[in-house]
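Subject: Structure handover

Hello,

Here is the structure I promised to pass on. Please open it alongside this email.

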Amino acid sequence: MEKTFYEWLLYIIQNYGIWFLKGTGITLLIAITGTAIGFLIGICLGSVKTIPLPHNEVKRVLMKIINAIITCYVEIFRGTPMMVQAIVMYFGMQEFVGINFSPTIAGIVIVSINTGAYMVEVVRGGIESVDPGQMEAARSIGMSYGQAMISVILPQTIKNILPATGNEFIINIKDTSVLNVISVTELFFVTKSIKGAIFRTYETFLISAAIYFILTLTVTRILKYFEKRMDRPREFIHASSTMPILFVKKPGDKNNGK
């Protein structure tokens, strides 16, 4: 007797649930690690892009070359699909460099580099959104440019770009699916394997879609929680400027009672 739709769902979960769990674990591993490394790449390169050009001609030319290299990196990885990047980098490293990464390690590297390209511009915009007076004030009290950037500018920048970083993490959870082209056993790859074993496309991918939805929804709620925790009151009430000053006279004062 042919199984009903719900019986197929139950059958797949009971017999292949562990497969889905393993695929979900690899998806989260790549998304979390890739986003974290990409965030660090973005912080480093984005900070470099905002450094004012020095007056020394040699240093000035050197900074322009570095900025040009960073710009090329950003444009290349933002202008090509991650699927193509995965194929070119994974098989290119084997063909021309002789390095054989495991598919999972290769996936982490690819997601990290791709995320870094997007985060460079996010961080640059976040730094430029901080009031320039913050840097001037920090320099005026004796901080070097690097000290002011680390202690004053970057903490505010990280707070400002937290929503964009969270969005990038959510995108990476979904975009890890393209890594199946290099045989990374993430959730989409596992889903295709289960579908090929039981020939039930709709039910199998429906379960996969539900898992992706739960992952992204959970991450969204967690990120919103942290955003609220990092929010600070924007208005401060100064007692000295809003409350009258009361002078209490001692009983022995000559003008007491006037």
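Below is what came out of it, taken by topic.

One caution before the details: this is a predicted model.

**Salt bridges**

A search of the whole structure turns up four salt bridges. Three of them are worth a look together.

Start with glutamate 121 and lysine 49. Their side chains meet in a salt bridge at 3.5 Å, N to O. Glutamate 121 sits in helix H4 (residues 103-129) and lysine 49 in helix H1, so this pair ties together parts that are 72 residues apart in sequence. Lysine 49 counts as partly exposed, at 23% relative accessibility.

Glutamate 121 also pairs with arginine 124, in a salt bridge of 2.9 Å, N to O. Both residues lie in helix H4, three residues apart, about one turn of the helix. Arginine 124 is partly exposed too, since its relative accessibility is 23%.

Arginine 124 then meets glutamate 128, again through side chains, at 3.0 Å, N to O. These two are four residues apart in helix H4, so about one helical turn separates them. Glutamate 128 is exposed, with a relative accessible area of 52%. Through shared partners, the salt bridges join Lys49, Glu121, Arg124 and Glu128 into one network.

**Helix H7**

Which residues of H7 are buried? They are Leu187, Val190, Thr191, Ile194 and Ile198. Seen down the axis of H7, these buried residues fall within an arc of 100°, so they line one face of the helix. They pack against helix H1 (5-49) and helix H8 (201-230).

Both ends of H7 deserve a glance. At its start, a side-chain oxygen of glutamate 186 comes within 2.7 Å of the backbone nitrogen of phenylalanine 188. Just after H7, phenylalanine 199 has a positive phi of about 60°.

**Nonpolar cores**

The largest nonpolar core has 18 residues. Those with the most contacts inside it are Ile12, Phe20, Ile173, Ile194, Ile207, Ile211 and Val219. H1, helix H6 (145-175), H7 and H8 each give two or more residues to this core. H8 supplies the largest share, six residues.

Take isoleucine 211 as an example. Leaving out residues up to four places away in sequence, isoleucine 211 touches Phe20, Thr24 and Leu187. Another core, of 14 residues, lies apart from the largest one. Its members include Ile43, Val123, Ala138 and Ile153.

**Threonine 35**

Threonine 35 is in helix H1. Is threonine 35 buried or exposed? Its relative accessibility is 8%, so threonine 35 counts as buried. Beyond its neighbours within four places in sequence, threonine 35 is in contact with Ile30, Thr115, Thr165, Phe169 and Asn172.

Best wishes

How values were computed
Residues numbered from 1 in each chain as written. Predicted model: local features only at pLDDT ≥ 70, side-chain atom pairs only at ≥ 80, totals over all residues. Heavy atoms only, no water. Buried < 20%, exposed > 50% of the residue type's maximum accessible area, 1.4 Å probe, protein only. Arc of directions from axis to C-beta. Contact = heavy atoms within 4.5 Å. Polar contact = N/O pair within 3.5 Å; in protein donor to acceptor, adjacent residues only side chain to side chain. Core = buried A, V, L, I, M, F, W, Y, C linked by side-chain atoms within 4.5 Å.
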